[in-house]
Amino acid sequence: MKNSILVLVVMAVFLWSFRSNEETSYFVQFKVFTVESNEKAQLIDEKMRQKSGVKISRTDYYTSTYYCVLNSGVTYSEEQFKNWFHKLGYEIGCFTMGIHGKDLITSPHTLKSCKNEK
């Protein structure tokens, strides 16, 4: 019995240390001002997936919001996203960033109503 408890404790410590060494991945979300169609939203996603470090890219035409998950160890600033979207012909606002799997995302319907200036 003592040996099995010891084995469980050693395994728990090993798993905890392995998990704590994993790099953090982040999510980014914001409002995109005036996405004209679902096809335009899909085009945004295609372009953003080409960026190094963008793992998942989702633009929602109905709420004019954007959400992406970055690869572990990758961070991009709000200014970088503003520049990328400006080149695509869009302005963004209400930028938020958090730790993927830990921090809560903002509802797209809340972002849709965002009044942050462009």
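**Entry 1: Thr59**

I began with the side chain of Thr59, which makes a polar contact with the side chain of Asp45 at 2.8 Å; a polar contact is a pair of N or O atoms within 3.5 Å, where within protein one must be able to donate a hydrogen and the other to accept it, and residues adjacent in sequence count only if both atoms are side-chain atoms. I note that this is a predicted model, in which local features need pLDDT of at least 70 and side-chain atom pairs count only at pLDDT 80 or more, while totals for chains, interfaces and linings use all residues. Residues are numbered from 1 along each chain as its sequence is written, and side-chain values use heavy atoms, with hydrogens and water left out.

I found Thr59 in strand β2, residues 54-60 (helices, H or I of at least four residues, and strands, E of at least two, are DSSP runs numbered from the N terminus). Thr59 is buried, with a relative accessible area of 11% (buried means under 20%, exposed over 50%, partly exposed in between, with a 1.4 Å probe and protein chains only). Not counting residues up to four places away in sequence, Thr59 touches Val35, Ala41, Ile44, Asp45, Thr65 and Tyr66 (contact means heavy atoms within 4.5 Å).

**Entry 2: helix α3**

Which residues of helix α3 are buried? In α3, residues 78-87, I listed Phe81, Trp84 and Phe85. They cover an arc of only 95° around the axis, which puts them on the same side of α3; the arc is that of the directions from the helix axis to the C-beta atoms. An α-helix has 3.6 residues a turn, so residues three or four places apart point the same way. On the other side of α3, I found His86 and Lys87 exposed.

The cover over the buried residues of α3 includes β1 (26-33), α2 (38-49), β3 (65-70) and β4 (91-99). Leaving aside neighbours within four places in sequence, Phe85 is in contact with Phe30, Val32, Ile44, Met48, Tyr66, Tyr90 and Ile92.

**Entry 3: aromatic rings**

I searched the whole structure and recorded 12 aromatic pairs (ring centres of Phe, Tyr and Trp, its six-membered ring, within 6.5 Å; planes under 30 degrees apart are stacked, over 60 edge-to-face, the rest tilted). The rings of Tyr76 and Phe81 have centres 6.3 Å apart and planes at 85°, so this pair is edge-to-face. Tyr76 is buried at 16% relative accessible area, and Phe81 is buried at 0%.
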